[in-house]
Amino acid sequence: MGDRPAPLGEHRYSLSSTWTGNTGTGTSGYREYRRDVTLEVAGKPDILASADKPFRGDPSRWNPEDLLLASLSECHLLSYLHACVTAGVVVVSYRDSASGMMREDGKGGGAFVEVMLRPEVVVADASMIDAAERAHAQANAWCFIANSMNFPVRHEASVRAETA
């Protein structure tokens, strides 16, 4: 194939988002409807969603803010596992305690201003710790979701070895 660069991929995604919160009078008033939504992707379990509780949503359902945070956390995790394989690091456990801050603008809107990922990683051997710590930077560079945000996605990672 010579020196030709590999073609860049385009990936398309689709889902159905169906409002299920009509209590009988539609949106006749701000308090007259539920914020319930069903998110559907062919071949996958439905996600029951709503607005966040401060916005009159059902706190037992996923909300857009939860889903954004989950997307960032999972994307970093998957990118990190790839970076570790590339670096010869054997990850045996990974758990993230992610958090984010959204700020309302006082005009009915708002935006996330930052997300903090706090991965706790366990690697197979102490000799892998330095490379495992460096792999977080590579994962951040590779994460499609983090690269799509207009706010910082920060990391406070901890790495320890399963064996000394």
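**Ground rules.** I'm working with a predicted model, where local features need pLDDT of at least 70, side-chain atom pairs count only at pLDDT 80 or more, and totals for chains, interfaces and linings use all residues. Residues are numbered from 1 along each chain as its sequence is written, and side-chain values use heavy atoms, with hydrogens and water left out.

**Cysteines.** I searched the whole structure for disulfides (pairs of cysteine sulfur atoms within 2.5 Å) and got one. Cys75 is joined to Cys143, S to S 2.5 Å. I looked up the torsion about the S-S bond of Cys75 and Cys143: it is about 140°, so this disulfide is right-handed. Helices (H or I, at least four residues) and strands (E, at least two) are DSSP runs numbered from the N terminus. Cys75 lies in helix 1 and Cys143 in the loop between helix 2 (129–142) and strand 8 (153–155), so the bond ties together parts that are 68 residues apart in sequence. What about Cys84? Cys84 is in no disulfide, and the nearest cysteine sulfur, that of Cys143, is 14 Å away.

I checked burial too, taking buried as under 20% relative accessible area, exposed as over 50% and partly exposed as in between (1.4 Å probe, protein chains only). Cys75 is buried at 11%, Cys143 is buried at 1%, and Cys84 is buried at 1%.

**Rings.** For aromatic pairs I took rings of Phe, Tyr and Trp (its six-membered ring) with centres within 6.5 Å; planes under 30 degrees apart are stacked, over 60 edge-to-face, the rest tilted. That gave me three pairs. One of them is Tyr80 with Tyr94, tilted, at 5.6 Å centre to centre and 50° between the planes. Tyr80 is in helix 1 (residues 64–87) and Tyr94 in strand 4 (residues 91–96), so the pair links parts 14 residues apart in sequence. Both Tyr80 and Tyr94 are buried.

I then looked for charges over rings (NZ of Lys or CZ of Arg within 6 Å of the ring centre and within 35 degrees of the ring normal). The charged end of Arg35 sits over the ring of Tyr33, 3.9 Å from its centre, and also over the ring of Tyr30, 4.5 Å from its centre.

**Largest pocket.** I noted which parts supply its lining. Strand 2 (37–40) and helix 1 each supply at least two residues, and helix 1 gives the most, with eight.
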